Amino acid sequence: METNLCVAGFGGQGVMTMGKFLADATCNSTDKKVTFFPSYGAEQRGGTANCFVVISDDDIGAPLGDVMDDLVVMNGPSLAKFLPTLKEGGTLFINSSIVSDDIARKDVKVVKAPVTELALEMGSAKVLNVIMLGVYVGYTEVIDPAVVWETIEHKLSSKPKLLPLNKQAFEKGLELGKSQR
Amino acid sequence: MARVFMKGTEAVAEAAVRAGCRFFAGYPITPQNEVPEYFARRMPEVDGVFVQGESEVASINMVYGAASMGVRSMTSSSSPGISLKSEGISYCAAARIPMVYANFARGGPGVGSIQPAQQDYFQATKASGNGGFQMMVFAPSTVQEAVDMTYRAFDYADRDRNPVLILADGVIGTMMEPVELPEMKSDEEIAAMKAAKGSWACVGHELDYAHRSWIQPGQWSTARMQEVNEEADALYRSWEKDAQAEEYMVGDAEVIIASYGISARIAKSAVNVLRAQGVKAGLIRAVTVNPFPYKAFDRINYDKCKAILDVEMSIPAQFVEDVKVGVKERCPIKTCLCSGGNIMSREAVLAAVKKIMEG
């Protein structure tokens, strides 16, 4: 069993962090193989950013697969760029606060989550990626949500003030993800 | 041992520190900026020295100097930066100075592109500078392997008094994978390694003109220069025993992929897909690309093997030239290539194998 995930959005939306949290949690809590591969180049806030996470029971070939099982899209340009890479029957996770386009493909599952609005309601646009991570983990159950939260907690250990908001964000996402299963 | 999730560049730097590397000089270039960044933070913790040189040329010459003092020393860069270092690398080889450097290769030639590539193969294995010297060159295909190779590279460098190259690429450098880190060499072990170099290194000798340390990247006498080159040649020939390859499902294979580094792990996953479909595919992965594991190609059953498929991220193909030497025209060789910063596609490898099977 191998899952290829692409997370894509604007620079500044935390797409790299979202991928890293997931991959790191997989490394910490399971015997599974996992890779995280960032797009790199002249990345900047407001530009496009994307990363690839592969989680597998066996050795991983390309950390950047030809075909994605799951795709997380945080903005419009990412939808246009990466939707063709999503496999038939794959799952598309959309930041529906920003991406309002109709999904041209009917052969994929769509999970909508208004993560920008939810983050703003919680008081900080910055946690939209943690909400989306919750949605992804809640929907796919790719790994145990508890260990994902432990990883986030560990990563933010030097900034304990951020923990309550992130916990709220992660749990909101989980709930949203599970409800769309 | 607990596994940790690390970026290739940082894992290589940590492996070097654990191997006893206490001097690093480098200069930034994508995709290996985290190597100097990591050393900048880490070296002060172990009483080591980090220098960001004013250029690649300065950095390699600082490594040349530090390694001449018997200190395990390292530099790293990416393709065009490695070209700039080539003069200093040649000097280290001429003076028989042990040091380790890493190339996180990117698209070329020229400034090329900043994305991953395998276009420095000839440079790495045949001519890393002037004068026809050689080095052991290791080609990791996972972050774990990059760690293990870097750790051992310092031992090979010291054994041979010669530079050793870790030939990685932008994927190995920028991707994160779980790794188990090797044991940290103790201060006593590091002191002993330095002391063992006392016969030649500038480690602090009594005033004794006849037995002073004399590091020189050349010889005044042509007779001596030839002798030095003959000694080096004998060393290079002794490496045949050090050649390493991974042979995967080769025994009954009808198509055998020959590859190395990042391309090889992608090719290996293609072999698994093909085997699941009943296609008899196999893989020979060069772990060392110099010395090249030619003998692995003698173990192929050429009665069964229809063709060898060379898979590499270089156009024109380079690795294939060593594959040809190994295969000795015992079967046809086809290629599956990409270049310029594009990453090898498993689908492309699958299609190339199927094309061979269809004849």
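Residues are numbered from 1 along each chain as its sequence is written, with chains lettered from A in the order in which they are written. Because the model is predicted, local features need pLDDT of at least 70 and side-chain atom pairs count only at pLDDT 80 or more, while totals for chains, interfaces and linings use all residues.

In chain A, helix α4 (residues 128-140) and helix α5 (residues 145-155) have axes that come within 10 Å and cross at roughly 160°. The two helices are therefore roughly antiparallel to each other (the term for angles over 145 degrees). Here V130(A), L133(A), V137(A) and G138(A) of α4(A) meet P145(A), V148(A) and I152(A) of α5(A), contact being C-beta atoms, placed from the backbone, within 7 Å. By class, this contact has six nonpolar, one polar and no charged residues (Ala, Val, Leu, Ile, Met, Phe, Trp, Tyr, Cys and Pro count as nonpolar, Asp, Glu, Lys and Arg as charged, and the others, Gly among them, as polar).

Turning to chain B, what of strand β10 (residues 255-260): how many of its residues are buried? Six of the six are, so β10(B) is largely enclosed by the rest of the structure; buried means that 20 or more other C-beta atoms lie within 10 Å of a residue's own, with C-beta atoms placed from the backbone. V255(B), I257(B) and S259(B) lie on one side, and I256(B), A258(B) and Y260(B) on the other. Six bridges join β10(B) to the parallel strand β11 (residues 281-286) of chain B, where G282(B) stands opposite I256(B).

Technical notes: A residue is buried if 20 or more other C-beta atoms lie within 10 Å of its own, exposed if 12 or fewer, and partly exposed in between; C-beta atoms are placed from the backbone. Helices (H or I, at least four residues) and strands (E, at least two) are DSSP runs, numbered from the N terminus. Two strands pair if DSSP finds at least two bridges between them. Axes are lines fitted to C-alpha atoms, for helices over the stretch in contact, and angles run from 0 to 180 degrees between N-to-C directions. Angles under 35 degrees count as roughly parallel, over 145 as roughly antiparallel, 65 to 115 as roughly perpendicular and the rest as oblique. Two residues are in contact if their C-beta atoms, placed from the backbone, lie within 7 Å.
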